[in-house]
Amino acid sequence: MMQFMLLFSRQGKLRLQKWYVPLSDKEKKKITRELVQTVLARKPKMCSFLEWRDLKVVYKRYASLYFCCAVENQDNELITLEIIHRYVELLDKYFGSVCELDIIFNFEKAYFILDEFLLGGEAQETSKKNVLKAIEQADLLQENVDFQTRLFAGVMVPGLASESSGLFQN
Amino acid sequence: MSDVVEKTLTALPSLLSLDSQPGAAKLSSTSKLGNLIRGITELTSKHEEEKLIHRELASIKEQVSSPNTSMRQMKELMVRAIYCESLGYEASFSYIHAIKLAQQGTGLEKRVGYLAVSLFLNENHELLLLLVNTVLKDLQSTNLIEVCMALTVVSQMFPKDMIPAILPLVEEKLNHPKEIIRRKAVLALYKFYLIAPNQVQHIHNKFRKALCDKDPGVMTASLHIYLQMIQENAEGYKDLTASFVSILKQVVGGKLPIDFNYHSVPAPWLQIQLIRILSLLGKNDQRTSEIMYEVLDESLRRAEMNHNITYAILYECVKCIYTIHPKSDLLEKAAKCIGNFVLSPKINLKYLGLKALTYVIQQDPKLALQHQMTIIECLDHPDLIIKRETLELLFRITNTQNVVVIVEKMLEFLRMSTDDYTTIDLVGKVAELAEKYPSDCVCFSYKNYTYAPDNEWFIETMNTVFSLSGDTMQPDIPNSFLKLLSEGFESVEEDRKLRLFAVDSYVTLLKGETGKLPQFFLQVISWVLGEYSHLSEELKPATVLELLQKLLDRKQTSSETKSWALMAMTKLCEGRAGVSVAQQVSETYISSMDTVLRQRAQELQHLSQDSELRARVLPRDADLEPLEVDSSLSFLDGFVSEALAAGAAPYKPPHQRQEELSQAKVLSLEPYGLSLPISMSSCSIADRQSPTLLSMSSGLSGDSTDLSHKGGSTTLKFEGVKRVWGKEGYLAQKESVEEAVQVEAPSPLRSTSQQAEVVGSHSQTPTLTPTPEPEQEKQQLASSLFFGISSQSSVCLMGKSGPTPQRFRRKAKGQSSSSGATEQMSNSVVFTSTTVDNLLCNNPPDSTITSEVDVSSSKHTSELPQGLTAANGTCDIEAELTDSDLKGSSPPLSGDNGLENADPDPHENLDKPQGVCLSSHLPAELSGLCRSEITPLCTLQNLDLSACHVHREDTIVLVVFITNSSDSAVQHIRLDLDSELLEVSCVSESPAKDVRSVAVYLYSLTVRRPAVHVELAGTVSYQVPVGTPQTAQFSYKLPLTAFIRPLTVSTEEYGTMWLAFSHDTKQNLTLINDGQEPLVATLNVLRKKLQLHVVEVIGVEGILACKLLQDQPCLMHFRVHEGALAVWLRSPVPDLPDCLIYHCQRALQEH
């Protein structure tokens, strides 16, 4: 299970933080400070994994932004890297060529996307299409509250339910 | 990859001029948040930022509490509050408004409200209770998006106590027509399961329904729950293995909708989750493992594409293959995979390859040989993470021959490390290695060449460890170091040298710059100097005192260290100079504010003036007499039981906790029957005094059951794998296959192969380029690191024949002196079977039987047909023997004595008839009971002493017969029995003052301290009418089994007792396979031979209980595991489990 995710800039400014384990503010600040420092000190060609305290930290830099996740010891580091990548893909699709500024100014959107992708520290939905649909239809809410119920039914993953048959049937 | 966000701005202030940027374009230029963010980025100092934010917060605070603020404005304010919080400024006033917004807002406002709540509060926050109603309402909403929002927030945080309030609603959502709702509901239940597992116990069948959901997303979500549940209890879900396998097969086969593909790999997240579940299910379970071999093979085969995501799957597969019951061709493929990882130029893969190698190497050290050069390169890798992992790998393959090099490498790393966590961990490991190997130098010095670890090495290594560790060290390292130093190893002379060397090196250290030495180290130095500086002849106490005084005067010295130094001075203040220094120092500290220091100063003052008192209080070499310590802490029993009654959790010893922890890990880090008991703390091993010289190696490691299982796989051969590295290093290769590998390999490997070609007679020798020097160094390093991991010694690494498993060869002490069969004293007596004796009693001495007994060797005795025993029971003592267990108890005696009989007893022939006669003198109440054979103790002028012990249900009675063979009466017979281990109380003495024929003495025995065999020493003195008093000494030995009785407890009682006992031992025993169910057969043998009570047998497990007379229980847990019997013994009595294990082994060996 993912313990937390941090997004920070090359200058060490925190852009996004999501904690999946209950920690006090003081601990959060301490962890953030230490981790940002450690990760920023690493050179580009170095390994993306860190053993940090009793956790594994997986980080990756996209342009000026560092994505950094802490996972438990038995978790798969490589798939965590791909989680980061998938999140970036989602952001990119949503914002249309995402850049750090999008995340700075629309951080709440970035949080919404994250919540549709990861829930409680686990990958909730790994189909890119489904995540984006969920976000889109929630966004429609804002633009036209009156029609949302009607729109919802149509927008939600059209046709998928009928196509996909259950894998596991007894 | 990063092209996705390539055109991101690097500097924020420039953003103002960049309206064309997509990010900026989306901003509402007038938005207050936008202004705030811009404002912040324009600032140059932290101070200005603080001012701005405080102003902002004040304005937000004012607006949120105003009744005129609309929900829309509130949403805006909340976003700004989130921003301020994320910058690190507290906005706790807004928390309640966030909850209000979630409650009253609609659409996006509600969404922001929920988001703010999930960011502001954690699940322990009390305000969260106010959210419950809102969640309840939204869960019932007809608006699906509101339901989604509620479920999202619930899956992230929810007050534990309020789960029942919403549980029915969430459960209901599992049947919702929309898959997104079902999916979120499953994840909400997963969250509930994590924080309050018993709340969702009743809906386990609904989880199964979710697993069968037609939507792959819902099914995937349900796997989170299953992974968790299987981690906790794999046994309960074995029936699902086939289903998981079939899902994985379909996923791998591309049966999922294309939406779930990720970079054209079908649902990798789902695959990995399934493989993790399978590895948990297949662990230690051959049958289950067999179901999954095929699909794992398929996964390995399919995941060949060159993309990170396929590597992720491969890595998970490899972990799984090495976790489940081994299958050779899969292992071979996995080993190849690991090879690819290790050799990969991609650093992430290299790292994972090393990790996998670290794990696998314990099963197959040869794999390390293949990658020797890569490992050496990684050791000098610029990335510390890689370096660190390499050291971890080397730590696992340490043996006596390479320990010096490996420790040196670790110390090198320590010198550079700045991270406390790493330092602590590494320091512990170095100390473990250093302490583990010095004892071996004795046995290895004759055949070892250059790298023999010796005393100096040990002390120097520990010095470096202490000085590098700073003050972050775990306190048990200096403790065990001092313990090691004071208890010493096998040879007195070696001990003296070791201590002397320590003293010398510390004196040198203290004479130098002490400013940087950590306090821990200074304390160790003080103690050692105080204790052992007298060993050095050149060193005058005054010099040491002076050094210690200097230490005291230093400002940086902590008061704890000062008190250590004062104590050392107290031990040393001899002579006039010493006393005057002592006086001077004590005067300084006698008025110290620190009470401990004051106390020490007082002691110093008094003891320095009274040397006689000092010699008594602080005798030299006092450590030889161990202090009496009640290690079971029995005086706390009352307190503990009260606490338990009050509902406190029972105490778990550290290794049990550790074990539970390690069981939780998928990738078990326990060593597999290797030389290193890695996970055990050094203390627990040091404390256990092994009563036997039998291999305790498997008992040393944390989870011996696992070991034995994996031990099987160590014998697997990787046929396809060529041996590239032999004992001396690289072996010249001729096979073209190997060449291909080398060509692919990075250049260093290639150049070594070239070098080898020079040596070997390779036809293709291209150029005779001399190997560059660094290469040579590397090879040297390789040969020293991988020394002893060649094929032969790999056998020894497996812990079968190597001398390494025994961690500390401490001096034999206490009971161990009476343990070894070889240590019998000349006068001591051994027994033969009661069975035989009884038989002789009843049947007239038959020549054939007697002769059979005479030649009885250990084998012979045990081969006595079972029927004979039974016959004996029936013909002789059936009437008296009501307890069937007691009847069955004769075989163990014979079994045990069979062993002792191995050296032929000359008395035996003579004594048989005597035994027959003497047995008639047994007191009536003892005559029918099980007893040992009557054995002669000693013979004097006209007296013969014999003895036997009789098993009564509640006690052991020692019967001593004194036979007067002369005509004259013997007077004033005095019999004194004494034993360190036994409590001897006299039951009755023979009434006659002077003995004419036979006098009988009865003693009841109880065990004070358990040992494998307990021995009594006795003196007899007497007087004949004419003549001087005579005395003689004798000894008598009984096995501990004589004191063991069945303990009848119920399974529940057993459970509570089990938790309460602190001393334990684990070992693997061999199962008896004679047609019946092996567990039952084995337990029966043990029950009969050792007098145990079988509490319950469930499946492959059995629990037994017994007690040591009088009331010292010992519980035994048996589990059949991969053809062996894993035994776990627990008792409140120290050493009892160890001794019993020994007898269990004996009993089974002789069966």
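Which side chain makes a polar contact with the side chain of Glu100(A)? The first legend answers this.

The model is predicted, and local features need pLDDT of at least 70, side-chain atom pairs count only at pLDDT 80 or more, and totals for chains, interfaces and linings use all residues. Residues are numbered from 1 along each chain as its sequence is written, chains are lettered from A and ligands numbered from 1 in the order in which they are written, and side-chain values use heavy atoms, with hydrogens and water left out.

**View 1. A polar contact of Glu100(A).**
The partner is Ser64(A): the two side chains make a polar contact at 2.5 Å. A polar contact is a pair of N or O atoms within 3.5 Å; within protein, one must be able to donate a hydrogen and the other to accept it, and residues adjacent in sequence count only if both atoms are side-chain atoms. Glu100(A) belongs to helix α3 (residues 100-105) of chain A. Helices (H or I, at least four residues) and strands (E, at least two) are DSSP runs, numbered from the N terminus. Glu100(A) counts as buried because its relative accessibility is 6%. Buried means under 20% relative accessible area, exposed over 50%, and partly exposed in between (1.4 Å probe, protein chains only).

Lys30(A) and Glu34(A) join their side chains in a salt bridge, 3.4 Å from N to O. A salt bridge is a side-chain nitrogen of Lys or Arg within 4 Å of a carboxyl oxygen of Asp or Glu. Both residues sit in helix α1 (residues 25-40) of chain A. They are 4 residues apart, about one turn of the helix. Lys30(A) is partly exposed, at 41% relative accessible area. Glu34(A) is partly exposed too, at 28%.

Arg388(B) forms a salt bridge with Asp425(B), and their closest N and O atoms are 2.2 Å apart. This pair links distant parts of the chain: Arg388(B) lies in helix α21 (residues 384-396) and Asp425(B) in helix α23 (residues 420-436), 37 residues apart. Arg388(B) counts as buried, because its relative accessibility is 11%. Asp425(B) is partly exposed, at 31%.
Glu392(B) forms a salt bridge with Lys429(B), with 2.8 Å between the closest N and O atoms. Again the pair links α21 to α23, 37 residues apart. Both Glu392(B) and Lys429(B) are buried. Shared partners join Arg388(B), Glu392(B), Arg396(B), Asp425(B) and Lys429(B) into one network of salt bridges.

**View 2. Phe244(B) and the nonpolar cores.**
The largest nonpolar core has 283 residues. A nonpolar core is a set of buried Ala, Val, Leu, Ile, Met, Phe, Trp, Tyr and Cys residues joined through side-chain atoms within 4.5 Å. Tyr87(A) and Phe244(B) have the most contacts inside this largest core. Leaving aside neighbours within four places in sequence, Phe244(B) is in contact (heavy atoms within 4.5 Å) with residues including Leu211(B), Leu223(B), Tyr226(B) and Ile230(B). Other partners of Phe244(B) include Leu274(B), Ile277(B), Leu278(B) and Leu281(B). Another core, of 63 residues, lies apart from the largest one; among its members are Val1012(B), Leu1083(B), Leu1090(B) and Leu1148(B).

**View 3. Strands β11 and β12 of chain B.**
Strand β11 (residues 1013-1023) and β12(B) run antiparallel, joined by 10 bridges. Two strands pair if DSSP finds at least two bridges between them. Val1014(B) stands opposite Leu1038(B) in β12(B). Strand β12 (residues 1030-1039) is mostly covered, with 7 of its 10 residues buried.

**View 4. The interface of chain B and chain A.**
Here 101 residues of chain B are in contact with 90 residues of chain A. The two chains bury about 8,600 Å² between them, 62% of it on carbon and sulfur atoms. Buried area is the accessible area (1.4 Å probe) that two parts lose on being put together, summed over both. Across this interface, the rule finds 7 salt bridges. Glu116(A) forms a salt bridge with Lys184(B), the closest N and O atoms being 3.2 Å apart. The interface of chain B and chain A also has 22 residue pairs in polar contact (both at pLDDT 80 or more).

**View 5. Leu119(B) and its contacts.**
Leu119(B) lies in helix α6 (residues 108-120) of chain B. It counts as buried, because its relative accessibility is 18%. Not counting residues up to four places away in sequence, Leu119(B) touches Gln17(A), Lys18(A), Tyr111(A) and Ile82(B).
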